[in-house]
Amino acid sequence: KALKRVGKSVNIQEVMDQWTLQMGYPVITILGNETTDNVIVISQERFVYDSDAKPKDPAVGDNSYLWQIPLTIAVGNTSHISSEAIIWVSNKSEHHRIPALEEASWLLGNINQTGYFRVNYDTRNWKLIINQLTRNHEVISVSNRAGLIDDAFNLARAGYLPQNIPLEIIRYLSEEKDFLPWHAASRALYPLDKLLDRTENYNIFNEYILRQVASMYLKLGWPMNNLNKSLVQASYQHEELRREVIMLACSFGNKHCHQQAATLISDWISSNRNRIPLNVRDIVYCTGVSLMDEDVWEFIWMKFHSTTAVSEKKILLEALTCSDDRNLLNRLLNLSLNSEVVLDQDAIDVIIHVARNPHGRDLAWKFFREKWKILNARYGEALFMNSKLISGVTEFLNTEEELRELKNFIKSYEGGAAASFSRAVETVEANVRWQRLYKEELFQWLRKTVTH
């Protein structure tokens, strides 16, 4: 009905079949046309993280993927953005005339992230958007800002985009007061961090992210544990924003954040009263365990045993996986198999969280392979638990050696879970490929930027 009203006849069945029956989703690329003014070229292809990964069925090459895509598009300049127009993209590549496109104006596609696809632009347009965000980000709506961050990181991760673009986009964050763009940034930085956290130049990346977070962290400070309940609570969004920024600051090693966490933990140990604000407890426990000595680990372990609150138990258990001490991590992995100490469903989280810790990634991976028979007997029936475990332990493996180990392991032991393992291989192959093709490019840019 809606389409008829705007005088467009679309076969809904045909449109929907493409979205529901085809694997994956598209990425749309919008290129300015150098030769003709006001004309852009819009092309579509299936979005994949590893373009070397061949489709299982050669008859379904990536070229045969086509979607009918309602692309909303708007043109902006330094002070305002046009109202959105809609273009139905149904071919591999199309030319479209955009009347208001001037020299200094930029384009934005998929307004407010209403469509299920990613959008890429030519470098010139990305640069104009980055400029706009730096000068006045509010011209672009909150959900578009979040979408730009999410798309840029994922496009760069898959090699559709130079590696520095997403990192340049997040430079404007020091001025960003909304939760969503910060959330998009921290969600996108997480997998990138895991690709880099065992490399020798990791500290340059770390330093760059800390710079982007520092001023907002100072501005927002820490939540008060207001025992006096008459104080006006800050809005939920504000508290979530503060939590997101504290999490980034602490996990990338902001000194003040580390001190604050250590102080809160010490106060808890000495007074035996937990005054740590609820919504940052997980961050504080984890940071405390990673920075402080074994006594803190033992204290958290003791609290894990004595507390009866389920949610608190979970947070305490996850905090134990944050240690830098490999002996403690190994001890925890072995304890996780004892159902009287750690519940079956929590054991999976222990193994996955140790795998997320760069000091424990190889330990969890080794433990997983050695104990696979036990684990598979325990979780094999509950497929979702099993696949969560497999993807959790393997998703951040990223060396040729680890990929070899994974393939050899699968050869020797499959026993069910075949689909989860083949997905794991695809993920690790994409990680290894990213390391091979893009890691150096990223570090070269960071070296230039961080030293200046």
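**Close-up views of the domain interface and an aromatic pair**

**View 1. Domains 1 and 2 of the predicted model.** The domain assignment of the protein gives domain 1 as residues 2-138 and domain 2 as residues 351-451. Taken over C-alpha atoms, the centres of domain 1 and domain 2 are separated by 33 Å.

**View 2. The interface of domain 1 and domain 2.** On the side of domain 1, 5 residues are in contact with 5 residues of domain 2. Between them the two domains bury about 410 Å², and 35% of this area is on carbon and sulfur atoms.

**View 3. The salt bridge between Arg 433 and Asp 50.** The count of salt bridges between domain 1 and domain 2 is 1. The side chains of Arg 433 and Asp 50 meet in a salt bridge, with an N to O distance of 3.4 Å. By class, the side of domain 1 that touches domain 2 has 3 charged residues, 1 polar residue and 1 nonpolar residue. For polar contacts, the rule finds 1 residue pair across the interface of domain 1 and domain 2, with both residues at pLDDT 80 or more.

**View 4. The aromatic pair of Trp 19 and Trp 67.** The structure holds 23 aromatic pairs. Among them is the tilted pair of Trp 19 and Trp 67, at 6.1 Å centre to centre and with 45° between the planes. Trp 19 is in helix α2 (residues 12-21), whereas Trp 67 is in the loop between β2 (39-46) and β3 (69-76). The pair links distant parts of the chain, 48 residues apart.

Definitions and conventions:
Residues numbered from 1 in each chain as written. Predicted model: local features only at pLDDT ≥ 70, side-chain atom pairs only at ≥ 80, totals over all residues. Heavy atoms only, no water. Domains from an automatic or database assignment. Contact = heavy atoms within 4.5 Å. Buried area = accessible area lost by both parts, 1.4 Å probe. Salt bridge = Lys/Arg side-chain N within 4 Å of Asp/Glu carboxyl O. Polar contact = N/O pair within 3.5 Å; in protein donor to acceptor, adjacent residues only side chain to side chain. Nonpolar A, V, L, I, M, F, W, Y, C, P; charged D, E, K, R; others polar. Phe/Tyr/Trp six-rings, centres within 6.5 Å; stacked < 30°, edge-to-face > 60°. Helix = DSSP H or I, 4+ residues; strand = E, 2+ residues; numbered from the N terminus.
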